[in-house]
Amino acid sequence: MIQLDKVTKFYGERLIFSDVSFKIADGEKVGIVGRNGAGKSTLIRVMLGAEEFEGGTINGLRKEDIGYAEQIPQFEKPTLLAEMLSADVEEFQARKILFGLGFTEPELAKNPNEFSGGETAKIALAKSLLDEPRVLILDEPTNHLDIYAIDFLEDFLKNYRYTVIAVTHDRHFLQNCVDKIIDMENCRATVYSANYEKFVQLKRERREFELKAYEKQQEEIARLEDFVRRNKVRASTAKRARSRQIKLDKMERLEKPPSEETVKLRLSDASESANRVLILDKINFKGIIKNFSAEIRKGEKVGLIGRNGIGKSTLLKIIVGDLRADSGSVKIGNRVKVGYLSQGHEELSENSTAIEELINNFGLNIEQARSELARLDLFAQVVEKPIADMSGGEKTRVALAKLILTGANFLILDEPTNHLDLPAREAIESALRSFDGTLLIVTHDRYLLDAVTSRVIEFEDRPAPVRAKSEKVSKPPAKSKPAPKVSRPPEKTEQQLEKLEAQIKMAEMELKMLEREINSASEPARLAELAAAHEAKLAEIDALYELLAE
């Protein structure tokens, strides 16, 4: 049991949070949410013992029981696989987690210090998962992961036997992986025993209840004060007036609940365009994109998914003309006006301020520019500092402000919810759902995909399948192979049943590893080999389940 009681934290004179109290039972899965700057990561550092705090107590957290993915990890072994191995970690476990998080077989032999920043964060996450600590603390664990690796992480954490505490803005993760949410807001922490959608409902109901209670108390205060004012000087009623004043003095005043600040985001009505908005025909680019074809029609909202490094962002740059394909054609329909939001915010001038970006590109005056930026929670000094000095979330907000002002009827968005908190993500989702133009969106935000898109294109090394969101991803054609023989004991004891269940669990893990390898393989011979192994593993699992059912 982890227990925080009235924990308070200041930075100098600035209060970060006050009287934070909650309990986390062993084995609970907990999400910590709140706006950017609400103190979530600070709370984690306090719980880790990395920062001091000014008041309250923390019990039940021993340093040796905590697992945490370091922001700047140190690697000592010569290869990625060797870095994962220890006396307590078998090679199979390491491979399972590394493949699950998107690493490929060749990368296992690579020096861990030679990976990019995002890949380094994934390595740190893999190490923390392999350690199996009693308390696993994760800060934005789905950042840097593609949609397949996120699915793997969710499955892993749902079956994790110990406590998990995750700071995250990933709504799909919060919906499926946690049973308690701690909401950091206005320097306080409120606990909800709920997943994401239930949390949203309970928070709204709680705010409404608190507002009604406050308004009712204000009415009572006004009535008592009026009575005291009218009767305190009259001898016949002075005693009753004093009684009312005593009641007022002893009354515990309720604070007015803060107004629910929401990001107000609305896209312009889309102008008319041709029915065929985008036609891609056999696009090839430097061995990354191979013979890719697709068509998007007016009014469609299409998601583009695929593993990291497969070429999704590159394809978007080819569509908008920032890159030129080696072969193939890109056709934009008549009267189609493209608006592009890049993942790296290349459309922003690093030396300009947010205000200058809007004034220089759209001819607004200062007041108009401030008003547009305020709609996206950008105020005061933030809009006057250079883009280069802004956080990732602030840059995304400026880029969105510019996108809104373009009046485009075909939006191409590359990870639009990266670095954004929950209110901003919800605002973008609402705006995109109500947008009456055409949309192509690359995102790992599965909640956004489910809420906005009607069709998903899965981008692969081979020609990309187009599928409805409910359809399963097709695997390469597999060669049939007879199921391996499984011994059939005449009667199964409890020990034999447990052994069968362990065999099934191991076989299903091996199946997932094969699927990850299939996703990363490109050589036809290797694909055929993996497909045959995949078919055989499915048959083995079926046979084991039949044995279990006998």
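Let's start with a histidine: His-144 is partly exposed, with a relative accessible area of 44%. Keep in mind that this is a predicted model. His-144 sits in the loop that links β6 (135-139) to α5 (147-158), and its phi is positive, near 75°, even though it isn't a glycine.

- As background, most residues other than glycine have a negative phi.
- You'll find His-345 in the loop between β14 (338-341) and α10 (354-362).
- Is His-345 buried or exposed? It counts as buried because its relative accessible area is 10%, and the cut-off for buried is under 20%.
- His-144 gets the label partly exposed because its 44% falls between the 20% and 50% cut-offs.
- Lys-286 is one to look at too: it lies in the turn between β10 and β11, with a positive phi of about 45°.

**The three-stranded sheet**

- Which strands make up the open sheet, and in what order? There are three, running β11-β10-β13, and the pairing is antiparallel.
- The edges are β11 and β13, each of which pairs on one side only.
- Going from one strand to the next, the twist averages 10°.
- Helix α9 (residues 312-320) packs on this sheet and touches β10, β11 and β13. The direction of α9 makes about 120° with that of β10.

**Who pairs with whom**

- β10 (residues 276-285) and β11 (residues 289-297) are joined in the antiparallel sense over six bridges.
- Those two strands form a hairpin, with three residues between them.
- On the β13 side, β10 pairs with residues 327-332, again antiparallel, over five bridges.
- Leu-278 is a handy landmark: it stands opposite Ile-296 in β11 and opposite Ile-332 in β13.
- Asp-281 has Ser-329 in β13 as its bridge partner.
- In general, strands of a sheet pair through backbone hydrogen bonds, either parallel or antiparallel.

Terms used. Residues are numbered from 1 along each chain as its sequence is written. This is a predicted model: local features need pLDDT of at least 70, side-chain atom pairs count only at pLDDT 80 or more; totals for chains, interfaces and linings use all residues. Side-chain values use heavy atoms; hydrogens and water are left out. Helices (H or I, at least four residues) and strands (E, at least two) are DSSP runs, numbered from the N terminus. Buried means under 20% relative accessible area, exposed over 50%, partly exposed in between (1.4 Å probe, protein chains only). Two strands pair if DSSP finds at least two bridges between them. Axes are lines fitted to C-alpha atoms, for helices over the stretch in contact, and angles run from 0 to 180 degrees between N-to-C directions. Contact means heavy atoms within 4.5 Å.
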